[in-house]
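Work through these exercises with the structure open beside you. Try each task before you read its solution.

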Amino acid sequence: RKSGSFQGIELSLSELGRDATEQRESADAIKTAGLHLIVNVSSSFGGGGRNSSSKSSSNSTLDTTPADHIKTFESQLASVSALGDVVTHINCHNSGNERWDVTMASNYLSDVLSTSAQYLEDNP
């Protein structure tokens, strides 16, 4: 890459590949190119992609719980962790559910913050 050009690429897990092997291959190619990787995740959609076709029926309904979203978020963080040190940032889009009451939303926020803190501790 030339000085002054872009430094990285932003993709969701589903945009990186159909499975963990393809995702790691894509991440390795990005690293080989000398670029950084920003990964988009979402607790509302399976792959976190803007055009993700991997929405699961349980995560696309309006009655999902904070626990459902945390489980999805944790799973995606585990997948991001497997990509290696090419990942420099994680963007979390569409997290939570706007139809939750204040108590449910607060519980979700508390859980997602502790999950995020643990991820950062495990992946310095």
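**Exercise 1.** How many residues has α4, and how far does α4 reach from its first C-alpha to its last?

*Solution.* Note first that this is a predicted model. Count along the helix: α4 has 16 residues. Next, take the span from first to last C-alpha: 22 Å. Then compare. At 1.5 Å a residue, 22 Å is expected, and the span of α4 is close to that.

**Exercise 2.** Which residues of α4 are buried, and which are exposed on the other side?

*Solution.* Use the cut-off: buried means under 20% relative accessible area, exposed over 50%. The buried residues are P66, H69, I70, T72, F73, Q76, L77 and V80. Now look down the axis of α4. These buried residues fall within an arc of 165 degrees, so they line one face of the helix. An α-helix has 3.6 residues a turn, so residues three or four places apart point the same way. Turn to the other side of α4: A67 and K71 are exposed there.

**Exercise 3.** In what order do the three strands form the sheet, and is the pairing parallel or antiparallel?

*Solution.* Trace the open sheet: the order is β1-β2-β3, and the pairing is parallel. Find the edges. β1 (8–12) and β3 (87–93) each have a single partner strand, so one side of each lacks a neighbour in the sheet. From one strand to the next, the twist averages 25 degrees.

**Exercise 4.** Over how many bridges do β2 and β3 pair, and which strands does α4 touch?

*Solution.* Start with β2, residues 36–42: β2 pairs with β3 over six bridges. Within β3, N91 stands opposite N40. Finish with the helix. α4 (residues 66–81) packs on the sheet and touches β2 and β3. The direction of α4 makes about 165 degrees with that of β2.

Methods: Residues numbered from 1 in each chain as written. Predicted model: local features only at pLDDT ≥ 70, side-chain atom pairs only at ≥ 80, totals over all residues. Heavy atoms only, no water. Pairing = 2+ DSSP bridges. Helix = DSSP H or I, 4+ residues; strand = E, 2+ residues; numbered from the N terminus. Axes fitted to C-alpha atoms, helices over the stretch in contact; angles between N-to-C directions. Contact = heavy atoms within 4.5 Å. Expected span 1.5 Å × (residues − 1). Buried < 20%, exposed > 50% of the residue type's maximum accessible area, 1.4 Å probe, protein only. Arc of directions from axis to C-beta.
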